[in-house]
Each structure stands twice: as structure tokens, then as C-alpha cells.
Amino acid sequence: MSILLLGKDGQVGWQLQRSLAPHGEVNACGRNQCDLANPTQIRSLVRDQRPKIIVNATAYTAVDKAESDTDMAWRINAEAPAVLAEEAARLGALLIHYSTDYVFDGTKRSAYVETDPTSPQSVYGASKLAGEEAIRAVGGKSLIFRTSWVFGARGSNFVKTILRLAREQATLNVVDDQVGSPTPAALIATVTGVVLAMHRHRAEASPSVYGQPEKKTENEIYHLAAARPVSWCKFARTIVELAGQMPGFALRLKPDAIRAILTAEYPTPARRPANSRLDCTRLETDFGLQMPDWQPYLERMLQLLALKQNGY
């Protein structure tokens, strides 16, 4: 089974290299191998590799920059998934793609389910939704995972930003009226591997449902996020509290010196959803899973970063 992984150097892509390995031969590509802003390169790569599974772990994730860099955000988040979906359908391959809580406007009082109306409030959210819609319009075999607040030891993320600021500053203001579930990149990769295994098993057991390569099949969208939503402020306080208990982090900032503020006090070019909670019941029910708490993953990430800083 040949697997083409795009975005190998990102937070999720890095973890996927391990979780996909048991499922076949993984050809992991980064930006140097394929520029997702170039449709010709995408088509050429897929046609050369002829994979059975395509995993797209790339995205334009600079949320605020996307407001002024609209063309590039749209090319990577909307047009590239459309090309991948077309090429996957031509090969009869399964496309796995990752989307975001930003497809919603964040005004719902409870957690969002997959069938809730979408209403993105930013260029980033709109481009990611367009990518989803393009994949579904092609009609091939696909799995789309919407996730939120991704963090991991590799790449840039909120955790690393807070650690940097905690070394530099004795006080910090963090938004407290935006709520979501910090989701470990490792969890996303692990769940992807589990779902892929079960998806393949069901396809083999029920070919009439999943169809032959030339036939269209249903596109599936699942919400994938860790349990226990928190605000950005509470997440920041937890990061600083845990890091402060470990050797290797020389922090000036203390948890109680992190001040909770409103979104209105911290204006940004892109509007963020106030409610980013994703209901994962469908994913848990369909695949016998239970989404774990994010904190043990955060603790492990901090341990790894501490070891790295101490030269291990």
C-alpha cells in the first residue's frame, strides 16, 4: 500500500510519518518536493507516485497574515485540496485532509457538530471551508478531520509562544473569552492511523458500500479534538504552571501574573471564533474511540522541550 504524505515537516505531518508507517510505504514530502501553490507540481507528483492513499497535512495557517495574503491562502487551502481530490478520484485513492474550527462563526453556545451550518469569519476560515467543499464536490473517497488549537513539540504554536513570552516578561495579558480544545498533533496522527485501519477493514468487508475505485463513495467529515475545553488564558496559565515545575525552563512569568482580558482588548486582523468547541461524538461512536484530555500530552511535550534545552 503506497501512501503519499504532504506536509511532512509540519506539526501534524511530522507525527503522521510514524502513525502511517504500519499501513504501507510512506512517501513523505515537504515544500521542497511539492509546492502546494503550484497545481502542476501537485498533479505531477501524484501521477508519478500513483498512491493508494493521499494524506494532506499542509495548510496556510498564518491566520492574521491571510487577511492580506488572500491569494496565497486560497491557493493552498482551497485550490490545492481540489487538485488533490481530482487526482485521488482519478486513481481511486483515498484522500485524508485536515480542516479547522474556523469554518464556524463561534456563536453557538454548545459544541459544534459536523452538520452545523458553517459561517467562517476570516479569510483563513473561508479558504479552509472552500477546500472542504471542493473535496466533497469531486465525489471521490475522502476523510476530512476538523480539528482545533493544534500543538506539538515541532513547529510553531501557542505553547511555544507562551514559553518564549514567559522567559521574557513578568506579566502577560491573554484572551479569556475564546474557548476551545487544545489538540495534540500526536493525538491527531494517532487517531488518523486508527481510523484509516478501520476504514480499510470496512472497505474490504463491505465493497458494496465503499465501492470499487472507479465508483464514487461518500465523503466523511469528522470532528477531532481533545477533551476538556478551556480558554486561551487558562491554557496559558497551565502551560506556565507545568513548565515552572520542570528543570530547564527559566521563566520570569508566574501563572497568577497572566491577566485575563476580552477579545475586544486584543484586536487582531482576523476574527477568531469565541466558541471553538468541537463535538467528537460521531468520531468516537463510529470508531470506538474516546478523546483524551490534552494535559498529559502537554506535560510530555514540555518534558521533551526541557530535555532538548538541557542538551539531551
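Trp149 sits in the loop between S5 and strand S6 (150-151); helices (H or I, at least four residues) and strands (E, at least two) are DSSP runs, numbered from the N terminus. This is a predicted model, in which local features need pLDDT of at least 70 and side-chain atom pairs count only at pLDDT 80 or more, while totals for chains, interfaces and linings use all residues. Residues are numbered from 1 along each chain as its sequence is written, and side-chain values use heavy atoms, with hydrogens and water left out.

Most residues other than glycine have a negative phi. Trp149 has a positive phi, near 45°, and is not a glycine. At 10% relative accessibility, Trp149 counts as buried (buried means under 20% relative accessible area, exposed over 50%, partly exposed in between, with a 1.4 Å probe and protein chains only). Arg228 also has a positive phi, about 65°, although it is not a glycine. Its place is the loop between strand S10 (219-223) and strand S11 (230-231), and at 35% relative accessibility Arg228 counts as partly exposed.

Next come the rings. A pair of aromatic rings is described by the distance of the centres and the angle of the planes. Here, rings of Phe, Tyr and Trp (its six-membered ring) pair if their centres lie within 6.5 Å; planes under 30 degrees apart count as stacked, over 60 as edge-to-face and the rest as tilted. Searching the whole structure turns up ten aromatic pairs. In one of them, the ring centres of Tyr98 and Phe145 are 5.9 Å apart with the planes at 25°, so this pair is stacked. Tyr98 belongs to strand S4 (residues 94-100) and Phe145 to strand S5 (residues 141-147), so the pair ties together parts that are 47 residues apart in sequence. Both Tyr98 and Phe145 are buried.

Phe235 and Trp294 make an edge-to-face pair, at 5.1 Å centre to centre and 80° between the planes. Phe235 is in helix H8 (residues 232-244) and Trp294 is in the loop between helix H9 (281-287) and helix H10 (295-309), so parts 59 residues apart in sequence are tied together by this pair. Phe235 is buried, at a relative accessible area of 1%, and Trp294 is buried too, at 0%. These two belong to one aromatic cluster along with Trp149, Phe151, Phe158 and Trp232.

Charges turn up over rings as well, which here takes NZ of Lys or CZ of Arg within 6 Å of the ring centre and within 35 degrees of the ring normal. The charged end of Arg154 sits over the ring of Trp14, 3.7 Å from its centre, and that of Arg282 over the ring of Tyr222, 4.5 Å from its centre.

What about disulfides, meaning pairs of cysteine sulfur atoms within 2.5 Å? The whole structure has zero of them. Cys233 is buried, with a relative accessible area of 0%, and Cys280 counts as buried at 8% relative accessibility.

Finally, the lining of the largest cavity. Helix H3 (70-91), helix H4 (123-138) and S5 each supply at least two of its residues, and H3 gives the largest share, three residues. By class, the lining has seven nonpolar, two polar and one charged residues (Ala, Val, Leu, Ile, Met, Phe, Trp, Tyr, Cys and Pro count as nonpolar, Asp, Glu, Lys and Arg as charged, and the others, Gly among them, as polar).

Note on methods: A disulfide is a pair of cysteine sulfur atoms within 2.5 Å.
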